[in-house]
Structures are given as C-alpha cells and as structure tokens.
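Welcome, and thank you for taking a look at this one with me.

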Amino acid sequence: QTHVLDSEDFSGLTPIAQELQESFCLEKGELFKVAYFSHGSSNSGRLLFVFHHLLVDGVSWRILVSDAER
C-alpha cells in the first residue's frame with residue numbers, strides 16, 4: 001500500500017504506523033508489515049517497517065537499525 005505525504009510534513013506517519021501496528025493478525029502469521037510513503041516525483045520516498053513485538057525485541061531492534069544505517 002502506498003501512502004502519499006507532504007515531503008515536509010510527517011504528522012501523517014504516526015496514525016498510519018499505529019494503524020499498521022494495531023492490524024496485526026497472529027492467526028494469519030502476520031509478524032511484520034511494510035508501508036511505502038511517496039513524497040512526490042522529485043523527492044525520495046520512505047519505507048516504514050513495523051514488526052510485532054514477538055518478532056523483534058528492543059536489543060535486537062537496535063542492532064537491526066544500526067545495520068540498516070550502514
């Protein structure tokens with residue numbers, strides 16, 4: 001699913017992230033979701049990764065973020 005946000009205004013990100021997080025269905029095996037946010041044709045888009053807490057704990061999350069930044 002693609003969401004369109006103004007390139008300078010990220011306030012729309014929080015409700016979408018919360019909606020994704022609340023929509024997990026463990027009975028279906030959903031443990032993570034990804035959303036793409038378009039910022040128009042002249043700007044880079046953004047990916048939002050949302051993981052169920054059963055999949056990634058706080059310590060592992062910091063390691064994953066560090067690896068992704070590199």
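## Aromatic residues and their surroundings

One aromatic cluster is formed by Phe 32, Phe 49 and Phe 51. Please keep in mind that this is a predicted model. By the pairing rule used here, the count comes to two aromatic pairs. In one of them, Phe 49 and Phe 51 are stacked, at 6.4 Å centre to centre and with 10 degrees between the planes. In general, a pair of aromatic rings is described by the distance of the centres and the angle of the planes.

Leaving aside neighbours within four places in sequence, Phe 32 is in contact with Phe 24, Val 50, Phe 51 and Leu 55.

## The fold and its core

Stepping back, the protein chain holds two helices and three strands. Read from the N terminus on, these elements run β-α-β-β-α. Of the 70 residues in the chain, buried ones make up 20%. Among contacts with a separation of 6 or more, 43% come from residues 24 or more positions apart.

Which residues make up the largest nonpolar core? The seven are Ile 16, Leu 20, Phe 24, Ala 35, Phe 37, Leu 48 and Val 50. At least two residues of this core come from each of helix 1 (13-22), strand 2 (32-38) and strand 3 (46-51). As a general background, nonpolar side chains in soluble globular proteins tend to be buried together.

## A lysine worth a look

Lys 33 also belongs to strand 2. Is Lys 33 buried or exposed? With a relative accessible area of 18%, Lys 33 is buried, because the cut-off for that class is under 20%.

Not counting residues up to four places away in sequence, Lys 33 touches Leu 20, Ser 23, Phe 24, Leu 48, Phe 49 and Val 50. Leu 20, Phe 24, Leu 48 and Val 50 are among the residues of the largest nonpolar core. With Ser 23, Lys 33 makes a polar contact, side chain to side chain, at 2.5 Å. With Phe 24, the charged end of Lys 33 sits over the ring, 5.4 Å from its centre.

## The salt bridge

How many salt bridges does a search of the whole structure find? The search finds one, and in it the side chains of Asp 67 and Arg 70 meet at 2.8 Å, N to O. These side chains also make a polar contact, at 2.8 Å. Asp 67 has its place in helix 2 (residues 58-69). As for accessibility, Asp 67 is partly exposed at 41%, whereas Arg 70 is exposed, with a relative accessible area of 74%.

## Accessibility side by side

Here are the residues discussed above with their accessibility.

| Residue | Relative accessible area | Class |
|---|---|---|
| Lys 33 | 18% | buried |
| Asp 67 | 41% | partly exposed |
| Arg 70 | 74% | exposed |

Conventions: Residues numbered from 1 in each chain as written. Predicted model: local features only at pLDDT ≥ 70, side-chain atom pairs only at ≥ 80, totals over all residues. Heavy atoms only, no water. Core = buried A, V, L, I, M, F, W, Y, C linked by side-chain atoms within 4.5 Å. Buried < 20%, exposed > 50% of the residue type's maximum accessible area, 1.4 Å probe, protein only. Helix = DSSP H or I, 4+ residues; strand = E, 2+ residues; numbered from the N terminus. Polar contact = N/O pair within 3.5 Å; in protein donor to acceptor, adjacent residues only side chain to side chain. Contact = heavy atoms within 4.5 Å. Salt bridge = Lys/Arg side-chain N within 4 Å of Asp/Glu carboxyl O. Phe/Tyr/Trp six-rings, centres within 6.5 Å; stacked < 30°, edge-to-face > 60°. Lys NZ or Arg CZ within 6 Å of the ring centre and 35° of its normal.
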